[in-house]
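Here is a short briefing on one protein model. Keep the sequence and the 3D view open while reading.

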Amino acid sequence: MNSVTVSAPGKLVLFGEHAVVYGRGAIVTAMDQRVRVTIEASEQSDVSYELPNGMDDRFVRAAVEQTLVEWKQPLKGFLVRTSCAFSESFGFGSSSAVVGATVMALREWFGRKDTKEDLFKRAVTAIRFVQGKGSGIDAAAALFGKTVYFRMNGPVVEPMILSPLPLVVGYSGQKADTPSILSEIAAKMTAQPERVNRIYDAIDTIVTEVKPKLLEGDFERVGKLMDFNQEYLRDLGVSSEKLEAMIAAAKKAGAWGAKLSGAGRGDSMIAVAPEEKRRAVEQAIESVGGKVIRILHNTEGAGVEA
Ligand code: MEV
């Protein structure tokens, strides 16, 4: 084999971010914008990397190095090239998608038989090595794709068969620093465990309630539950003025509900809106300085392209 290319999707967390890092359930969906990782033969004396400008190379390096050490393979003989169809600033999980695609590309390159579950474990180890904490939810979306209910302990990765949601996605223009937000929340958990656990239990209850509503297509209720989830995220301290302005604008323009998606303090927000209000909701998000990003969700997980 001279080369192998694997792609993996970015993700949107629909419900349960942050609480999922502390063992509660969350729902994530894969999107149509993907990262690509190509491995090809190289004569160099070490593994070389070609990444787009500005892409953090620690994730792909951790995935490659840990895998090769585990498989007792020398760190040489190939080149790893990555590309990403979306801006890393959006908070769509580009780092985890790169790691997911890399571990699958290595499996193909070395002709191994690892299952997606094996790849998922390896990906989460690499992600935690770089950023310290993390539930693995982004890696679950990257590898398994579609829409899943996820819990860290187990882990539980439960596919949800749902018809596409009437989602509107807006980027705040600010990139969230996920590792530092996660450390800050960890400090809060140490200082005020009862308060933070109360928030997370409430979010967990919302996630449990929203599961059947998503499947039934009861978007009005899904929107209301997004609003409740957002209240708890605000209380946790991970929202921002800009996200709040975008969320308020979306709702005023007719969205059923809206919330931040991902780590918060930037990145993106999501709203559910009736089809006939979509345009007005998009315009409202843009009128307060957000950038509407049109994506498809509920898409395929990591797979070999060539
Ligand atoms: C980030 O997409 C979701 C967080 O819950 C972090 C994690 O689960 O690792 C904020």
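Which residue in E5 is the bridge partner of Ile27? The partner is Tyr149. This is a predicted model, where local features need pLDDT of at least 70, side-chain atom pairs count only at pLDDT 80 or more, and totals for chains, interfaces and linings use all residues. Residues are numbered from 1 along each chain as its sequence is written, and side-chain values use heavy atoms, with hydrogens and water left out. Helices (H or I, at least four residues) and strands (E, at least two) are DSSP runs, numbered from the N terminus.

**Strand E5 and its partners**

- Buried means under 20% relative accessible area, exposed over 50%, and partly exposed in between (1.4 Å probe, protein chains only).
- E5 pairs with strand E2 (residues 26–41) in the antiparallel sense, over 4 bridges. Two strands pair if DSSP finds at least two bridges between them.
- E5 also runs antiparallel to strand E6 (residues 156–159), again with 4 bridges.
- Phe150 faces Val157 of E6 across this pairing.

**The E5–E6 turn**

- E5 and E6 make a hairpin with 4 residues between them.
- Gly154 in that turn has a positive phi of about 135 degrees.
- Gly154 is joined to Pro155 by a cis peptide bond, with omega about -10 degrees.
- Pro155 sits in the loop between E5 and E6.

**Helix H1**

- H1 has 13 residues, which at 1.5 Å a residue should span 18 Å; the end C-alpha atoms are 18 Å apart, so the two values agree. The expected span is 1.5 Å times one less than the number of residues.
- Buried residues of H1 include Phe59, Val60, Ala62 and Leu68.
- The cover over the buried residues of H1 includes strand E3 (48–50), strand E4 (78–84), H2 and H3. Contact here means heavy atoms within 4.5 Å.

- Lys72 counts as exposed because its relative accessibility is 74%.
- His18 is in the loop between E1 and E2. Its phi is near 70 degrees, a positive value in a residue other than glycine.
- His18 is buried, with a relative accessible area of 5%.

**Largest pocket**

- The largest pocket has a volume of about 640 Å³. A pocket is an open set of points on a 1 Å grid over the protein atoms alone, where a 1.4 Å probe fits, with protein on both sides within 12 Å along at least five of seven lines; lining residues have an atom within 4 Å of a point. Grid points are joined across faces, edges and corners, and a volume is the space filled by probe spheres set on the points.
- Its lining has 36 residues, and Gly93, Gln131, Asp138, Thr178 and Ala263 lie nearest the centre.
- H3 gives the most to this lining, with 4 residues.
- The lining holds 13 nonpolar, 13 polar and 10 charged residues. Ala, Val, Leu, Ile, Met, Phe, Trp, Tyr, Cys and Pro count as nonpolar, Asp, Glu, Lys and Arg as charged, and the others, Gly among them, as polar.

**Second largest pocket**

- The second largest pocket holds about 200 Å³ of space.
- It is lined by 15 residues, with Leu165, Leu167, Arg278, Ile295 and His297 nearest its centre.
- E7 supplies the largest share of this lining, 3 residues.
- By class, the lining of the second largest pocket has 10 nonpolar, 1 polar and 4 charged residues.
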